[in-house]
Amino acid sequence: MSDTSTNNRETMGFQTEVKQLLHLMIHSLYSNREIFLRELISNASDACDKLRFEALHNAALFENDSELKISVDYDKGARTLTISDNGIGMSREEVISNLGTIAKSGTREFFSKLSGDQQKDANLIGQFGVGFYSAFIVADRVTVLTRRAGEKTDQGVRWESEGAGEFSIEMTEKQDRGTQITLHLREEQDDLLSGSRLRGIIHKYSDHIVQPVVMKKEEWKEGGQEKLDEDETVNQAVAIWARAKNEINDDEYKAFYKHVGHDFEDPLTWVHARVEGRQEYAQLLYVPGRAPFDMWDREAMHGVKLYVRRVFIMDDAAQLMPHYLRFIRGVVDSSNLPLNVSREILQESKDIEAIRAGCTKKVLGMLEDLAKNDTEKYSKFWKEFGKVLKEGVGEDFANKEKIAGLLRIASTHADTDAQVVSLADYIGRMKDGQDKIYYITADTFNAAKNSPHLEVFRKKGIEVLLLTDRVDEWVVSNLAEFQGKKLVSVAKGGLDLGSLEDETEKKEQAREADDFKELTDKIKTSLQDKVKEVRVTHRLTDSPACLVADEHDMNANLARLLKASGQSVPMSQPILEINPRHPVVMRLKYEEQKFDEWTAVLFDQALLAEGGQLDDPASFVKRINQLMLEMSGK
Ligand code: ADP
């Protein structure tokens, strides 16, 4: 930041991310240019909410003017639009940080990840949140005049910028508290200099804003519209969540979502209800159409807005939603909570717990409905938020079965990697005599789908769920069963297919185990500590060998995940299982000279097939080449 001040005027540079955002915004959002007004009115409304809240503790902040409102005006001669509010206002420091930087964490990564084409995609920029800077879509110069409530009138701040690299800031007089934003319109924006045009935009986007949005009354006189010195309210100015459901149409719900969710796109779905009883509250909760870019950012703010009897209390009240529903946006308005509730109180409040439980139930119910009645929308939901919802299986004991019912999983039943199978679908398709839900976890879909562990299941036509999201290990370690059916990993423990195998098969297996006892012992001696045990399996049809984890050991996929995240993992040796019907294994019975070489290859390929990493890849390659040479008779 540079300083070119004479008296108290300073010129400062925007943070790099702001410059990028400004550039992208002007170019990608031009076809939606009217949204600038929605964004500025939305900010003004938030500022009024904040003032009302702070004034609960300090009524002097009202400065004898407690009628909060937002005014919109235009000046044809000067070609300007003005949006003003008597909300909280900003101090000089606040102006610099709010209108000179982007505080959201993850911003830099977000911008650096956008490709050239994506930068032109309005929806991606919208996902980031458009906000104040959208003023520059229609204006080539923006002047902000603001004074924080409760400060002296000489503590006004004037901010101005042409939306390129820098802005100026100076202290100035301002009589009324709050913020006034003047847009000096670009060429060809003259259509906005019209009362009816502006009224139309306000109706379309800002009808739901709780404070009145006022404009000067206009009268038709000879020569055109003429403004009178009298205000009229343009919007409905009632809290949408307090209105009756049957009086609200979808467009109104969607418009409110864009305000409360700071989103540019429509929500996917929503639920609106009033809860009566010991805790009384209204809830209007939305599922966004798209995952916010910072959903995985631990520091990102999440949650819904809390109101108490229409008074805004706080943004991002994380306590109102469990962590695994952090993508939900909206409003909870309590009738019982005290107005002086703070974040600290929220953390311990039993009332909040009750509200959170109620909201969670509502959201899960809404998702169940969606899954049942609108598969297409539900699969969109699942794509965006499935991975987050899965966390709930381990996080929310009370709703575990419900959340498990909402899971969608890839499966050997389908040919694609699409996660479309529910546990209930699976159970509905189980074979006669099948009493378990079989699954495999792996790093990638292909690793799961082609795993040797699936061979016998494929042969018998038994469906196996393919779990390949990182969070899946957490899911299965917390979900022992669903609807009374155990979940069983096909890569763990001894394979017991129960009555899915007949007596002859079982006898045959026992005979083979005996037959190969000498060989398995010999392999164990050769591999030593690399394996816990070597045994014959009937899991395999095409592969000679595979590795499995012992019943109570950590499976290899989980061990790798934990290691990759830097945790120390207890070493557990795998069990090597060999396929007695495979020609390589049958040959091995009679191999003397190269026995150790062959066994080493057998082990290494089993490790590779299940997605593991070789300890000594170069030796493996050497052995394979040797075998190839021998095969070709050299
Ligand atoms: P967002 O609203 O998503 O935080 P914006 O870029 O729109 O992002 O605004 C940045 C910040 O500037 C707001 O969070 C708020 O603190 C402040 N701000 C914007 N407009 C006003 C206003 N009219 N009155 C007071 N503060 C405002």
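Modeller: What follows starts at the ligand and then moves on to strand pairing.

A word on ground rules: this is a predicted model, with local features needing pLDDT of at least 70 and side-chain atom pairs counted only at pLDDT 80 or more, while totals for chains, interfaces and linings use all residues. Numbering starts from 1 along each chain as its sequence is written, and side-chain values use heavy atoms, with hydrogens and water left out.

So, the ligand. Around it sit Asn43, Ala44, Ala47, Lys50, Asp85, Met90, Asn98, Gly131, Phe132, Thr179 and His262; a residue makes this list if one of its heavy atoms lies within 4 Å of the molecule. Sorted by class, the shell has four nonpolar, five polar and two charged residues. Here Ala, Val, Leu, Ile, Met, Phe, Trp, Tyr, Cys and Pro count as nonpolar, Asp, Glu, Lys and Arg as charged, and the others, Gly among them, as polar. Helix α2 (residues 35–55) gives the largest share of the shell, four residues. Helices here are DSSP runs of H or I with at least four residues, strands are runs of E with at least two, and both are numbered from the N terminus.

Now for the polar contacts, meaning pairs of N or O atoms within 3.5 Å. (Within protein, one atom must be able to donate a hydrogen and the other to accept it, and residues adjacent in sequence count only if both atoms are side-chain atoms.) The side chain of Asn43 has an N or O atom 2.7 Å from a ligand oxygen. For the side chain of Asn98, that distance to a ligand oxygen is 3.3 Å, and for the side chain of His262 it is 3.3 Å. On its own the ligand has 530 Å² of accessible area, and the protein covers 79% of it; such areas come from the Shrake-Rupley method with a 1.4 Å probe, and for residues only the protein chains shown count as cover.

On to the strands. Five of them make an open sheet with mixed pairing, in the order β10-β11-β14-β12-β13. Two strands pair if DSSP finds at least two bridges between them. β10 (269–275) and β13 (311–317) are at the edges with a single partner strand each, so one side of each has no neighbour in the sheet. From one strand to the next, the twist averages 15°. (Axes are lines fitted to C-alpha atoms, for helices over the stretch in contact, with angles from 0 to 180 degrees between N-to-C directions.)

Seven antiparallel bridges pair β10 with β11 (residues 281–287), and Val271 has Leu285 in β11 as its bridge partner. Packed on the sheet is helix α9 (residues 250–260), which touches β10, β11, β12 (304–308) and β14 (329–334) and runs at about 85° to β11. Contact there means heavy atoms within 4.5 Å.

There's also a hairpin, made by β8 and β9 with two residues between them. Strand β8 (residues 213–221) runs antiparallel to β9 (residues 224–233), joined by seven bridges. Glu218 has Lys227 in β9 as its bridge partner. In the turn, Gly223 takes a positive phi of about 90°.
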